[in-house]
Structure formats: C-alpha cells, structure tokens
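Please walk through the structure shown here, moving from its pocket to individual residues along the chain.

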Amino acid sequence: MAYAIVRAGGRQEKVSEGDLVVLDRQPDEVGSSIELPALMLVDGDKVTSDKKDLDKVKVAAEVLEHMRGKKIVIQKYKNKTGYKKRQGHRQDQTRVKITDIK
C-alpha cells in the first residue's frame, strides 16, 4: 500500500488513496481537483524523499466541502484586578478526498 507525506496549509499530512483529510481553507471551488506537493512517498519497501524524484510524484485530491472547525475559547483572567477577557475562534477548513497518488 502506497502512502505519501504532503504539505498542506503549513502542516504535514500522511495520506493514501481514498483518505478524507481536513485541511486549512483552500481557495478552490467544491468539486474541483487540487494537487498537493509531496514531501515523501512510501511504496511498499521503496521510500522516495529525493527532491528530483518527488517532482514527478502527483498527489491529486478532490474538494468535497468547505466548513468551519470546532470553536475554541480563549479566556484570560487576572486575580484581584477585575480583568477578564473572553474570546472565541473557529478556523475555516476544507475537507478533501485523496483521489490518486502517482
């Protein structure tokens, strides 16, 4: 079984064909195909990490949906001063399906 390590949104993800992966928001439309840059490819016992060989590797993915992540709550509090601050954040995300590694 082949899998690849790809760079996606400042992080590295381990993907294989047919996987569903949640990435940071991609600017592409739903239903479109995108290509992710491979950092390493493992195919059985063969490991490819050379830059020249990785330029030939194509990791194709299909954009399934755009969504927002789970809400995180940021709270700051200082004792005896009356200082309280509460803030929330939801990250924009994209769910993609890995269609092909070649």
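**The largest pocket and its surroundings**

The lining of the largest pocket draws at least two residues from each of strand S5 (38–43) and strand S6 (46–48), where strands (E, at least two residues), like helices (H or I, at least four), are DSSP runs numbered from the N terminus. The model is a predicted one, in which local features need pLDDT of at least 70 and side-chain atom pairs count only at pLDDT 80 or more, while totals for chains, interfaces and linings use all residues. Residues are numbered from 1 along each chain as its sequence is written, and side-chain values use heavy atoms, with hydrogens and water left out.

The space in this largest pocket comes to about 180 Å³, a volume being the space filled by probe spheres set on grid points that are joined across faces, edges and corners. On a 1 Å grid over the protein atoms alone, a pocket is an open set of points with protein on both sides within 12 Å along at least five of seven lines, unlike a cavity, where a 1.4 Å probe fits but cannot get out; lining residues have an atom within 4 Å of a point. The residues that line the largest pocket are Ala 2, Leu 41, Asp 43, Lys 46, Thr 48, Asp 53, Lys 56, Val 57, Ile 101 and Lys 102. Sorted by class, they comprise four nonpolar, one polar and five charged residues, with Ala, Val, Leu, Ile, Met, Phe, Trp, Tyr, Cys and Pro counted as nonpolar, Asp, Glu, Lys and Arg as charged, and the others, Gly among them, as polar.

Two of the lining residues can be followed further. Thr 48, which belongs to strand S6, counts as buried because its relative accessible area is 11%, the cut-offs being under 20% for buried, over 50% for exposed and in between for partly exposed (1.4 Å probe, protein chains only). Beyond residues up to four places away in sequence, Thr 48 touches Met 40, Leu 41, Asp 53 and Leu 54, contact meaning heavy atoms within 4.5 Å. Lys 102, in the segment after strand S10 (92–101), is by contrast exposed, since its relative accessibility is 63%. With neighbours within four places in sequence set aside, Lys 102 is in contact with Lys 56, Val 57 and Lys 58; between Lys 102 and Lys 56, which are 46 residues apart along the chain, the C-alpha separation is 8.3 Å.

Strand S5 also holds Ala 38, a residue that is buried because its relative accessible area is 14%. Apart from neighbours within four places in sequence, the contacts of Ala 38 are Ile 5, Val 6, Leu 54, Val 57 and Val 59. Ala 38 and Arg 7 are 31 residues apart along the chain, and their C-alpha atoms are separated by 6.5 Å.

Gln 12 is part of strand S2 (residues 11–16) and counts as exposed because its relative accessibility is 56%. Lys 14 lies over the face of Tyr 3, at 4.3 Å from the ring centre; a charge sits over a ring if NZ of Lys or CZ of Arg is within 6 Å of the ring centre and within 35 degrees of the ring normal.

Two loop residues complete the tour. Lys 80, in the loop between strand S8 (72–78) and strand S9 (83–89), has a positive phi near 70° although it is a residue other than glycine, and Lys 80 is exposed, with a relative accessible area of 79%. Arg 90 is placed in the loop between S9 and S10 and is partly exposed, at 38% relative accessibility.
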